[in-house]
Amino acid sequence: MLIKFQKHLDKNFSFLKEKKLFLAVSGGIDSMVLVELFYQLKYNISVLHCNFSLRNLESDADEEFVKSYSNTKNIPIFIQKFDTKQFALDYKLSIQVAARKLRYDWFYEQLNELNFDFILTAHHLDDSLETFLINLSRGTGLDGLTGIPSQNDKIIRPLLPFSREEIENYANENSIKWREDSSNTSDKYLRNKIRHTIVPILKEINPNFLDSFQKTQNHLYDAQSIVTDGEYIIFKEVVIENEDGTIYFNLKKLLQLPNYSAYLYQWLQEFEFTAWQDIYDLAHAQSGKKVFSENYVILKDRDFLILYAKKSVDIIEEYKIEENQLEVKIPLNLSICKVQDISETTSNCIFVDENKVQFPLIIRKWQEADYFYPFGMKGKKKLSKFFKDEKFSMIDKSNVWLLCSNNEIVWIINKRFDDRFKVTNTTTNILKITIL
């Protein structure tokens, strides 16, 4: 296996030879074989070990075992102990999800702080099969059927072409010691249930099932590559991406596609959505309907589906501008100064008759009952009508800020000035307000 493993690295991961590598080592047979292989091949390696404190003395014994092995081989080791149960409770996560998050957050923290290049894990071919079956049982797309990727950002899985049987044989032939995780014998977890009941039946039906599965995965990877190229071309035709990260899906073009829902799934799956039928139905829903994920919103707004990130912090409703204040930094960057003469009023610069405003001025979001007197026009106009006439999207409207005096709109900031506060021939004090 050592020779086969070296050829695999030379062919697919030749760039690892001169890199600083972290190996994730639990003490189980897979990770112990992984670290032994890289040790024999004289790579620049260090060990990362997580103690999740889930099996009391057994977890501590795993830690001591990995520590002793690393010290014997003179391999640098970094250990982190977690209170996984408390973390899961605090963040309302399952134990498995909590452990995964703690593990990978710490991995990347170590990678960045210590200037390492990659993290290597001991996932193998049987793990990929189990992941395939788990995803299949839950319902998945093409990505879920391709199993575990051999590389994902800085995470590399060099044992993926090797079966559990090959790993066990190598361990036994080379007298490699390992620790058995007692939780692996329990069918409490779905992965173990699949490992202990379904996979043996598949291998009984076809003794070469793993080889067949590997060939199928290769075909799926090829198909995925074709799909990715195709959907990217269509993405550029259908989608507009703003600099702020907001994404607009043109519904007219989207609905011309023979299977628009498949494209939406492909484009949106990375944004954590789960209510897929609700998303597909948005294309024919009324404007204003939304679907939420943990961190994102997709909104139906007339001729577009609009994807944007949720606000990470609550917005304060009002911001005050005191008399003689010269600048504002939050929520917008404004400058305020007294001038003697005026130039042309624009969308981002207005000239106000100071005697017509009452301090403190207020910056706030718009409300349904708001109205103003558009500069250069007679009569008042509701903001909702102004937005409609200007073809504002719901995102545009949510981003609007108003400058108000005694709850009267002075300026729809960066959009339109109110005629009531304009400079006239009788004006004696002029304020120039500019958005920077």
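Helices (H or I, at least four residues) and strands (E, at least two) are DSSP runs, numbered from the N terminus. The close-ups below come from a predicted model, in which local features need pLDDT of at least 70, side-chain atom pairs count only at pLDDT 80 or more, and totals for chains, interfaces and linings use all residues. Residues are numbered from 1 along each chain as its sequence is written, and side-chain values use heavy atoms, with hydrogens and water left out.

**View 1**
Strand E4 (residues 118-120) runs parallel to strand E6 (residues 155-156), joined over two bridges, and here Ile 119 stands opposite Ile 155 in E6. Contact means heavy atoms within 4.5 Å; axes are lines fitted to C-alpha atoms, for helices over the stretch in contact, and angles run from 0 to 180 degrees between N-to-C directions.

**View 1. Lys 73 and Glu 36, a salt bridge.**
The closest N and O atoms of Lys 73 and Glu 36 are 3.8 Å apart; a salt bridge is a side-chain nitrogen of Lys or Arg within 4 Å of a carboxyl oxygen of Asp or Glu. Lys 73 lies in the loop between helix H3 (57-72) and strand E3 (77-81) and Glu 36 in helix H2 (residues 29-40), so the pair ties together parts that are 37 residues apart in sequence. Lys 73 is partly exposed at 22% relative accessibility, whereas Glu 36 is buried at 9%. Buried means under 20% relative accessible area, exposed over 50%, and partly exposed in between (1.4 Å probe, protein chains only). The whole structure holds 21 salt bridges.

The side chains of Arg 164 and Glu 130 form a salt bridge at 3.3 Å, N to O. This pair links distant parts of the chain, with Arg 164 in helix H8 (residues 164-173) and Glu 130 in helix H6 (residues 125-138), 34 residues apart. Both Arg 164 and Glu 130 are buried. Salt bridges that share partners join Asp 126, Asp 127, Glu 130, Arg 164, Arg 191, Arg 195 and Lys 203 into one network.

**View 2. The buried face of helix H12.**
In H12 (residues 260-268), the residues Tyr 260, Ser 261, Leu 264, Trp 267 and Leu 268 are buried. Seen down the axis of H12, these residues fall within an arc of 130 degrees, so they line one face of the helix; the arc is that of the directions from the helix axis to the C-beta atoms. The buried residues of H12 pack against several elements, including helix H10 (209-238) and strand E10 (296-301).

**View 3. Asp 419 in its loop.**
Asp 419 sits in the loop between strand E21 (416-417) and strand E22 (430-435), and is buried, with a relative accessible area of 18%. A polar atom of the Asp 419 side chain lies 3.0 Å from the backbone nitrogen of Gly 376. Not counting residues up to four places away in sequence, Asp 419 touches Tyr 373, Pro 374, Phe 375, Gly 376 and Met 377.

Terms used. A polar contact is a pair of N or O atoms within 3.5 Å; within protein, one must be able to donate a hydrogen and the other to accept it, and residues adjacent in sequence count only if both atoms are side-chain atoms. Two strands pair if DSSP finds at least two bridges between them.
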